[in-house]
Amino acid sequence: MSSFRTTVTRAGLGALSGLLAGCTALAVAELTAALVRPAAGPVTVVGGAVIDRTPAAVKDFAIRTFGENDKLVLQLGILVLLGLFAITLGMLALRYRRAGTAGVLLFGIIGGAAALSRPDSAGAADVLPSVAGAVAGAAVLYLLAGKAEPISAPNPAEDRRGGWSRRGFLNAAAATAAVAATAGALGRVLSGERGQGAVASRKALSLPDPASPAPALPAGTQLKVDGISPFTTPVRDFYRVDTALAVPMVDAATWRLRIHGKGVTGPRTHTLDELLARPLIERDITLTCVSNEVGGPYLGTARWLGVPLAELLREAGVRPPSQGGTADQLVARSVDGMTLGSPVEDVMDGRDAILAVGMNGEPLPFDHGFPVRMLVPGLYGYVSACKWITDIELTTFDAYDPYWVKRKWARRAPIKTQARIDTPKPFARPAAGPVTIAGVAWAQHRGITRVEVRIDEGPWKDADLALQAGVDTWRQWSYPWQAAPGGHTITVRATDGTGQVQTEQRARTIPDGASGWHSVFVTVP
Ligand SMILES: Nc1nc2c(c(=O)[nH]1)N[C@H]1C(S)=C(S)[C@@H](COP(=O)(O)O)O[C@H]1N2
Ligand SMILES: [Mo]
């Protein structure tokens, strides 16, 4: 009985020691990261390494299942796993003090290796947080495991429960918890301060007026239908897709963009002020993610303000392949090491490829790439829309595969023609009688010329089209339906500016974007 209780108590002590050691390790690591390199926190680097090694299909599943919470789920998963390992090591340490302690150090090595494997790794400095954390965690575990040893000296009964010194252990545990909490809080404050410079630089930024403003949207671009996506997506509703576990906080004052590589006769480095001093253009452009399923949410339209990219390239001596240029791929690189490759021909063919500084009238939000991101109308985001851009290298498709291409996504990915039903929602129960079916259709840089709706297996009927703002944006549509009682399948398809009807052929998002018709099932009671 008593020996059973002793066993349980000792297991609990081990678990507690392990958890405290784990918390200390994490807190010290995050504090060190805040001091030397915020991007090298252990959860960030391990999470980043996991993201980079996740097979495309699993990543696709994660985006589908957890949506924009995918990163939160990953981070929580890492913390839970770490917690379980810490508990195990703690219990091990009570029996084998050295082995348990060494286990904690092993985690430091894993964290350090993960940090070094990051594309934006700055080398040795990135290893420091994990190593410092592991050493602190190991020390704590060694200490606590010692305190939880059975003590042999005779002692007053109140000081002994099941053979261990209760007071000694509890004091040490409390001290450890206090140290971990302080280190963690300090790390928080420091990394918060790090971002302050970037936040201040964004606040101080006043966007110049565009030399070429976007035309005012004609009233007919926006249909008056409840439940339809607004033509311009508010920033707070704009989808976000990226691999950044910690959103890069870039200070506009120190930001630079370098343009170099094959066929560049005059390599350049631009500051933000230099870009802002140039004539800016303002354009409505619909951005779409290649991970968007048929009917999915990963697209949005914003009014972007920025520098025409082709002009910058021409000034640097770049020519498109059709004019004898030797580079056919433009690789954009972000401050966090992401690489995205676009065809030079597309960027320079006269379309509004831009380095954007503004989104819907405000400086780019940090989530969407502050201070500067790239956009190329007509191409999926992963081959064009580099956020937090800092480097443009001219190269060839033969010579270099950017991040997603290394992971089996297509080298070239023009956006596929798609239509989406926004209302009614799937499994809605609209009353019999007039029901307005409505949504958006997109085929960026080709435009939308027709949208058709089909009820059940009936004939295709033309939907009413909103005015087309331009070939680079989506177009709203609506269809007046007389709903009869029963279950109905509503299907939609679009035709693009080249006369091509949207294919019925179902394709997965991998490797170059989903295709097929969107349909919604509703029940009319
Ligand atoms: N630096 C960086 N830029 C990036 C990405 C990224 O992971 N890192 N993701 C790309 C992808 S896949 C898309 S769809 C768009 C999404 O832009 P948004 O988050 O502003 O909507 O950004 C692109 N630019
Ligand atoms: Mo994307």
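A: Gladly! Domain bounds come from an automatic or database domain assignment, and for this protein that assignment gives domain 1 (2–200), domain 2 (235–407) and domain 3 (418–524). Do bear in mind that this is a predicted model, where local features need pLDDT of at least 70, side-chain atom pairs count only at pLDDT 80 or more, and totals for chains, interfaces and linings use all residues. Residues are numbered from 1 along each chain as its sequence is written, chains are lettered from A and ligands numbered from 1 in the order in which they are written, and side-chain values use heavy atoms, with hydrogens and water left out.

Q: What makes the set that includes W304 and L313 a nonpolar core?
A: A nonpolar core is a set of buried (under 20% relative accessible area, 1.4 Å probe, protein chains only) Ala, Val, Leu, Ile, Met, Phe, Trp, Tyr and Cys residues joined through side-chain atoms within 4.5 Å. The largest such core has 77 residues, and W304, L313, L330, I389, I392 and L394 touch the most other members. Apart from it lies another core, of 21 residues, including A443 and Y479.

Q: How do you know that domain 1 and domain 2 are in contact?
A: Contact means heavy atoms within 4.5 Å, and 22 residues of domain 1 are in contact with 21 residues of domain 2.

Q: How many salt bridges does the rule find across that interface?
A: The rule asks for a side-chain nitrogen of Lys or Arg within 4 Å of a carboxyl oxygen of Asp or Glu, and it finds zero between domain 1 and domain 2.

Terms used:
Buried means under 20% relative accessible area, exposed over 50%, partly exposed in between (1.4 Å probe, protein chains only).
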